[in-house]
Each structure stands twice: as structure tokens, then as C-alpha cells.
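Good morning, colleagues. Please look at the sequence and the structure on the screen, and I shall then describe how the chain is built.

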Amino acid sequence: MIYPYKDIWPTISDTAFIADYVTITGDVKIGEYSSVWFNTVIRGDVSKTIIGERVNVQDNCVLHQSPNRHLVLEDDVTIGHQVILHSSIVKKGALIGMGSIILDGAEIGEGAFIGAGSLVPPGKVIPPNSLAFGRPAKVVRTLDEEDIKDMERIRREYVEKGQYYKSLQK
């Protein structure tokens, strides 16, 4: 379901795939070839949520914000199943593993990987191209070539899957 909030409607690219049972409301922008998967909730009723191009937000995620603190997902980001994102910034090409929680003011660096089940506390900055894991998340190593290739494969496959499912909606 797509809802306005105080006369502000989400802006969703015509090329984006929005699965069934997704709820998107208010000041939300979703870019080209992005996908939002089943049972996800994106509420733009406190501040803005900006989702770039080729971003995938997988099943059962919750995206929200605090006053005057936007949520930003730059291009080519992967958000795993059951992730909670709140007023944070996820830089280009980063991957947030399943079940992770990213809190207000946290910044996930370009190409970084947050391991499944991690908690990134408020204001924490994860450097580019690093693997961070744990509760609270700590950087454990720099990503290697295999990690980067796997993240690229996941992004590419989600763009392809999103476009396939979108073709079924017509």
C-alpha cells in the first residue's frame, strides 16, 4: 500500500519493483531499478527516506527516521532480510546483513559489509570497504576481492529478480 502523509506522497521510479504487502508512506523517494520486497514497511512520516538506484530492500525490513534526521540509502546498496534502519546513512555499494539494526546518525561507509545480526549504535561510523560484525558492531577486517565480487553478484541478481517480478505485475 502506498499512502500519503500530510499530503506528501512517496515518489517511486517507474522502473522500481514494489512487492505485494509492502507499505510505503509519506516523504519517501525510491530510485531507478530499486526493489522493495514482501512485507517491508517504509514510513516517511517523521523525516525523509531517500533510496537511490539499484538498491534492494529485502523482505520484512523496517525503515524509519527521527525528526530532522533523514534516512539515506545511496546507489547499489543491499539491505538484507529483517533489517531495521533508523535515521542513518548507508553509502554506495554497502551491504547490511540479515537481521541487523542500524541506528540514528550511524554511517556505513562505501562498499562496507555489516554482518548478519549486527547492531550499529547511534553515531557509529563504519569505514569504507570493511567488514563489521557484532552487538555492538566492530570492524573485523578489510573486505577482500571475493567479498566484493559476492556483494556485486547479490546486487546484480536483485536488480534482475526485481525486474522479473515487475514484469509479472503488468
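Of the 170 residues of the protein chain, 46% are buried, meaning under 20% relative accessible area with a 1.4 Å probe, protein chains only. The model is predicted: local features need pLDDT of at least 70, side-chain atom pairs count only at pLDDT 80 or more, and totals for chains, interfaces and linings use all residues. Residues are numbered from 1 along each chain as its sequence is written, and side-chain values use heavy atoms, without hydrogens and water.

The protein chain contains one helix and 20 strands, which are DSSP runs (H or I, at least four residues, for helices; E, at least two, for strands), numbered from the N terminus. Its C-alpha atoms occupy a box of roughly 45 × 35 × 20 Å along the principal axes.

The largest nonpolar core has 40 residues, among which Leu-63, Leu-73, Ile-79, Leu-85 and Ile-108 touch the most other members. Such a core is a set of buried Ala, Val, Leu, Ile, Met, Phe, Trp, Tyr and Cys residues joined through side-chain atoms within 4.5 Å. Elements giving two or more residues to this core include β6 (41–51), β19 (130–134) and α1 (145–168).

What is Ile-108 in contact with, leaving aside its neighbours within four places in sequence? Its partners include Ile-89, Val-90, Ala-94, Ile-114 and Ile-126, and Lys-91 is also one of them; contact means heavy atoms within 4.5 Å. Across the protein chain, residues 24 or more positions apart account for 11% of the contacts with a separation of 6 or more.

Methods: Buried < 20%, exposed > 50% of the residue type's maximum accessible area, 1.4 Å probe, protein only.
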